[in-house]
Amino acid sequence: MLKLYKRIKRVLHYHEAWVSGSKLTEHWGIVGEQGESREHKRNKKLAAEADIERVLAAPLAAGYEPIDAEDQTILLIEYPVEGMGTTKDLDKRHALEDRMNETLGWTGLGNCDGGSMGSGTMEVCCYVVDFEVTKRVIENDLKGTEFGDYTRIYDESEGPSPVLTKSEPGTGMLVPPWIMHKDLARNDPGWRKGPSSDYLVKWTDWYRSAPEQTRITYPLVFREPDDWSGFYQSIES
């Protein structure tokens with residue numbers, strides 16, 4: 001996929017394209033609106049990236065450009081949970097992540113980059129090109145749905161999320177990083193930025209400050225997967 005943007009008379013427009021099997025889908029409009037789309041036949045002589053650039057030749061020539069992830073805003077949708085949350089909470093988070101990818105993708109606003117959960121809150125993280133427009137779109141999209149009970153929608157740069165509920169003794173335990181972000185391998189670069197990185201830091205701080213007995217029993221309950229072998233020892237050292 002290639003996503004391009006251009007501000008025209010102070011209004012941000014998007015133009016993008018991606019491969020859909022034997023076809024290419026082209027999609028364009030004003031950021032925050034669903035816009036228009038059409039399909040193109042694949043040019044089998046071209047690699048996917050070159051074929052996408054062929055379809056987007058006109059907007060590229062007109063000055064449309066990508067917006068790098070580091071230049072986008074990290075938007076968080078926050079929910080209160082008890083302690084480290086439940087399986088039901090995790091299922092809800094994953095369902096919302098899928099919904100946000102659809103909602104933000106079809107309005108040119110950005111994409112969902114996973115989420116985190118523990119210590120009284122659950123967050124879904126999105127990289128977006130316009131925070132205020134995205135916030136309005138999400139509020140409208142979630143109104144009246146099972147996801148409408150969020151605590152707030154905020155810009156990560158505002159600061160860390162407050163703990164909204166006080167955990168009872170023993171409920172503040174955090175699940176291991178490989179369970180919270182099960183789609184990431186240990187050596188995945190995703191652990192170096194975004195919500196997965198934030199969770200790894202949060203988990204490490206919690207684990208190192210946990211009572212000795214907790215650090216003895218925790219690895220027995222949450223055994224390291226093969227590709228995470230030696231992780232607990234590296235944290236202890």
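I took axes as lines fitted to C-alpha atoms, for helices over the stretch in contact, with angles from 0 to 180 degrees between N-to-C directions. Helices (H or I, at least four residues) and strands (E, at least two) are DSSP runs, numbered from the N terminus.

The model is predicted: local features need pLDDT of at least 70, side-chain atom pairs count only at pLDDT 80 or more, and totals for chains, interfaces and linings use all residues. Residues are numbered from 1 along each chain as its sequence is written, and side-chain values use heavy atoms, without hydrogens and water.

**Helix pair.** I looked up α6 and helix α7 (residues 212–221). Their axes lie 8 Å apart, at an angle of about 125 degrees. α6 and α7 are therefore oblique to each other (under 35 degrees is roughly parallel, over 145 roughly antiparallel, 65 to 115 roughly perpendicular, the rest oblique). From α6, Trp203, Trp206, Tyr207 and Arg208 make the contact; from α7, Thr214, Arg215, Tyr218 and Pro219 do. Contact means heavy atoms within 4.5 Å.

**Sheet.** Next I checked the strand order. Four strands form an open, antiparallel sheet, ordered β6-β7-β5-β8. Two strands pair if DSSP finds at least two bridges between them. β6 (110–118) and β8 (152–155) are the edge strands, each pairing on one side only. From one strand to the next, the twist averages 20 degrees.

**Helices on the sheet.** Helix α3 (residues 87–105) packs there, touching β5 (73–80), β6 and β7. Its direction makes about 165 degrees with that of β6. Helix α6 (residues 194–209) also packs on the sheet and touches β6 and β7. For α6, the angle with the direction of β6 is about 15 degrees.
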